[in-house]
Amino acid sequence: MTVRKFPHLLSPGRIGRMETRNRIAVTAMGASLAEQDGQCGERIIAYHAEQARGGVGLIITGVAGVAWPVGANQEGQIAISDDRFLPGLAALVDAVHAHGAKIVPQLHHGGAAAMEDLLAGRPIWTPSVPDARGGDFTAAFLIEEIMRAPFGRIKGVELKVMTVEDIRHVVGQFAAAAERVKRAGFDGVEIHGGHGYLISSFISPKSNKRTDDYGGPLENRVRFLLEVIAAVRAAVGPDFPVWCKLDSREVGKDGGITIEDAVETARMVEAAGVDAITVTAYHDVGQPKLHSGSHTPHEPGLNVPFARRIKAAVNVPIIASGRIEPEVGDAAIADGSLDFVSMGRKLLADPHLPNKLAAGRPEDVLPCIYCYTCISAIYVCDPLRCAVNPETGFEYLRREAPVAPPKRVVVIGGGPAGMEAARRLRAKGQEVILLEAGARLGGTLRFASLAYPANERLLDWLQREVAASGAEVRLNTPATPELLRSLKPDAVIVATGARRGMPLIPGGDLPNVLSGDDMRKMMLGESSEELKRKTSLATRLATRLGAATGLNANLDFVRKATRQWMPLGDHVVIVGGELVGLELAEFLLERGRTVTVVDEAPRFGAGLTVVRRMRLLDELREHNVALFPSASDIRIEPGFVSFTDAGGTTQRPRADHVIVAKGATADEALADALRAEGFAVHAIGDCTGISYIEGAMRGAAGAVEAILSPQPAVAMAE
């Protein structure tokens, strides 16, 4: 008898009278996929329908505005403030129910975090005059992101400190919205009581300075929430599932909500009649690193211990989220720490994760790499999207390709773009020949996985998928026109990556200067004439031995081994402050090097998503990595790098080695040569311009659709 994996996670769940087919929920996420007028249109319906089709038990939508447009915190959010929204809401419910999932909206009022109020010049609703906010998380934004982000368009801020009459008015809005929830056919309702929004701002002693019955001691600060719960319950009746979302703590906020507050609040809302509690967390938004340190954490399972504390204090089901892997979630349900695992990023990467787990195929799940592309999109007013799954957010554009005879497609380049293209083509029944000039698949993703291990999940998945697909893979095979003519392809996909030359920097030819390509080859046991000139015989022998024994192919071994020995001096200067340079700085810092990063760019971190950049820049500064943006007159000298910093001061940090982590450019030379030979060529990935993992995966999807469909969906190839 086969023992089923994840028996607890995949077991039926229950909240009040609502039963779910498993304990996996889609966590409420800002998606910005509704229509601009708040209606649920084709795009958001298709997005949630795909999650239901993928086997999830419960979907909790992103915020649904009870007072919309007042209190809205993002463009394209769901509105539920008027009966005119009911047809779209009902259509959403029907689409989800058609695939066997349950769906619940998250009722919300943004309060002081209502960005749409700020942009429209409306007053923002608040319990009291807030303290001046410290810190500046926008310091991590690139200039072009600041130009696109909403906060740059705020003309002024007007406060509406709520009266008791205002509180009663909003309580009524929540109740009216809940009644619409039931009429639309939803399976329950979640009240958003966290994340600094209106209800949370009353609960937090940091933001609530009132002296009436809604301020002061915890029972007063929770009074607004309890009144909302009572009004919602009266509107929907005793049998309709109602629950609320609570902050387990406010990270980095002196005088904010603590876990002890959260436990007592949980007891109060249970007594008020909720059927479950969603446990989350919030943070001081002025501290950039904390944007990935609370409700959407970088650290795996960060919120599970706090969910456990609350679970021990109440007798209703607990829903918890925050980078909880299926194995961890299954164990946490088994030991009574929680009852439901609410997943966000994982289900954006692969909405069919539940079905794949249930089928005993966890290795087939397209992994999230925790790059924060999804949430970072919202920071700059873009609709949600995913770096590894280009269909996410674009499900409504999906069209089945017409049935046609299989084509022979040659894919050139075995990096992420080439592997993804080969995998997709084979899934559509096409004949694929994948040519890779090197000895193994992976391309620059292999080196990227050294510095950021989460990337290795995607590398391993792509390699497994290509192997299982039946694509013909030819390693150590450079693509030439002669070879292509002999293969007679119907189409060619060129995914050969960028040109990575050494930019012209005075002193760049010194023997202690490595390009990013030199560094990659050295770490992965590859060689070149240039690298031979710059490294010792001992280093070359060590890397050659690693390559010969296959040890360099084991990235975990390389990570561990380089903590003991690396052919680099103690002081390293990195010229280049984009993604590669910063991740390399982190990698070297963890291996005991003193690191300086210098670049002419005015802000560091291009290529990183906003939220990941916030964390990485903060962590580098915390560990005394010297960062010098807006540098000029950069020169490499024996033992030093000299430059003029942003303040006009000459700097000369010590440099036993210099790594130039810039200079990558598009390179369509091969694609152009093959076009000139008459081949139907589609160039994708970094050879068309540096676009990293998201560009590789999105470009592959677009090229495959273009080959198979006479009218490809334009957005898929953006």
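1. V161 sits in strand β8, residues 159-161 (strands, E of at least two residues, and helices, H or I of at least four, are DSSP runs numbered from the N terminus). With 39% relative accessibility, V161 is partly exposed. Here buried means under 20% relative accessible area, exposed over 50%, and partly exposed in between, with a 1.4 Å probe and protein chains only.

2. A word on the source: this is a predicted model, where local features need pLDDT of at least 70, side-chain atom pairs count only at pLDDT 80 or more, and totals for chains, interfaces and linings use all residues. Residues are numbered from 1 along each chain as its sequence is written, and side-chain values use heavy atoms, with hydrogens and water left out.

3. V161 also belongs to a nonpolar surface patch with V129, V157 and L159, and together they have about 330 Å² of accessible area. Patch members have over 30% relative accessible area and no salt bridge; nonpolar side chains (Val, Leu, Ile, Met, Phe, Trp, Tyr) are joined within 5 Å, like charges within 9 Å. A salt bridge would be a side-chain nitrogen of Lys or Arg within 4 Å of a carboxyl oxygen of Asp or Glu. The areas come from the Shrake-Rupley method with a 1.4 Å probe, and for residues only the protein chains shown count as cover.

4. Now the rings: there are eight aromatic pairs. W68 and F85 make an edge-to-face pair, because their centres are 5.7 Å apart and their planes at 85° (Phe, Tyr and Trp rings, the six-membered one for Trp, pair with centres within 6.5 Å; planes under 30 degrees apart are stacked, over 60 edge-to-face, the rest tilted). W68 is in the loop between β4 (58-65) and β5 (78-79) and F85 in the loop between β5 and α2 (86-97), so the pair ties together parts 17 residues apart in sequence. W68 is buried at 18% relative accessible area, and F85 is buried at 1%.

5. F141 and F151 are also edge-to-face, 5.1 Å centre to centre with 85° between the planes. F141 is buried at 0%, while F151 is partly exposed at 22%.

6. Which residues of α19 are buried? They are D517, D518, M519, R520, K521, M522 and M523, which is seven of the eight in this helix (516-523).
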